[in-house]
Amino acid sequence: MNNVAPLAVGIADAAAMTGVSQNTIRRAVKATDPAAFPPPLRARKVGSGPSAKHLIRVVDLEAWVDAF
């Protein structure tokens, strides 16, 4: 049994953790205007091409939720 909390999560897990849709998380990752909704969310793209994934640090996700 693994009880270690993740340092980073993908789009689906970020959506599940925050209760917002995956589309909202994707829009936040692409956002640049902090006054708009959703506010920008820091993420790192892992890989290249259409199969590339985004990793979002849990601390950044928590800060993003606090920005609401």
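Reply: Helix H2 gives the largest pocket the largest share of its lining, three residues. The model is predicted, so local features need pLDDT of at least 70 and side-chain atom pairs count only at pLDDT 80 or more, while totals for chains, interfaces and linings use all residues. Residues are numbered from 1 along each chain as its sequence is written, and side-chain values use heavy atoms, with hydrogens and water left out.

Me: What makes a residue part of the lining of the largest pocket?

Reply: On a 1 Å grid over the protein atoms alone, a pocket is an open set of points where a 1.4 Å probe fits, with protein on both sides within 12 Å along at least five of seven lines; a lining residue has an atom within 4 Å of a point. Ile11, Arg26, Val29, Lys30, Lys45, Ala52, Lys53 and His54 line the largest pocket. Its volume, the space filled by probe spheres set on the points (joined across faces, edges and corners), is about 160 Å³.

Me: How many residues of each class are in that lining?

Reply: The lining has three nonpolar, one polar and four charged residues. Ala, Val, Leu, Ile, Met, Phe, Trp, Tyr, Cys and Pro count as nonpolar, Asp, Glu, Lys and Arg as charged, and the others, Gly among them, as polar.

Me: Why is Thr24 called buried?

Reply: Buried means under 20% relative accessible area, exposed over 50%, and partly exposed in between (1.4 Å probe, protein chains only). Thr24 has a relative accessible area of 10%, so Thr24 is buried. Thr24 lies in helix H2, residues 22-30; helices (H or I, at least four residues) and strands (E, at least two) are DSSP runs, numbered from the N terminus.

Me: Why is Ala12 called partly exposed?

Reply: Ala12 is in helix H1 and counts as partly exposed because its relative accessibility is 41%. Asp13, also in helix H1, is partly exposed because its relative accessible area is 46%.

Me: How do you know that the buried residues of H2 line one face of the helix?

Reply: In H2, Thr24, Ile25, Ala28 and Val29 are buried. Seen down the axis of H2, these buried residues fall within an arc of 140°, so they line one face. The arc is that of the directions from the helix axis to the C-beta atoms. On the other side of H2, Asn23 and Lys30 are exposed.

Me: What covers the buried residues of H2?

Reply: The cover includes H1, E3 and H3. Contact means heavy atoms within 4.5 Å. Thr24 touches Phe37, Pro38 and Trp64, not counting residues up to four places away in sequence. A cis peptide bond joins Phe37 and Pro38, with omega about -5°.

Me: What makes the largest nonpolar core a core?

Reply: A nonpolar core is a set of buried Ala, Val, Leu, Ile, Met, Phe, Trp, Tyr and Cys residues joined through side-chain atoms within 4.5 Å. The largest one has 12 residues in all, including Val9, Ile25, Leu41 and Trp64. Helix H1 (11-18), H2 and helix H3 (58-66) are the elements that give two or more residues to this core.

Me: Which residues of H1 are buried?

Reply: They are Ile11, Ala14 and Ala15. Down the axis of H1 they fall within an arc of 100°, so they line one face of the helix. The buried residues of H1 pack against strand E1 (8-9), H2, E3 and H3.
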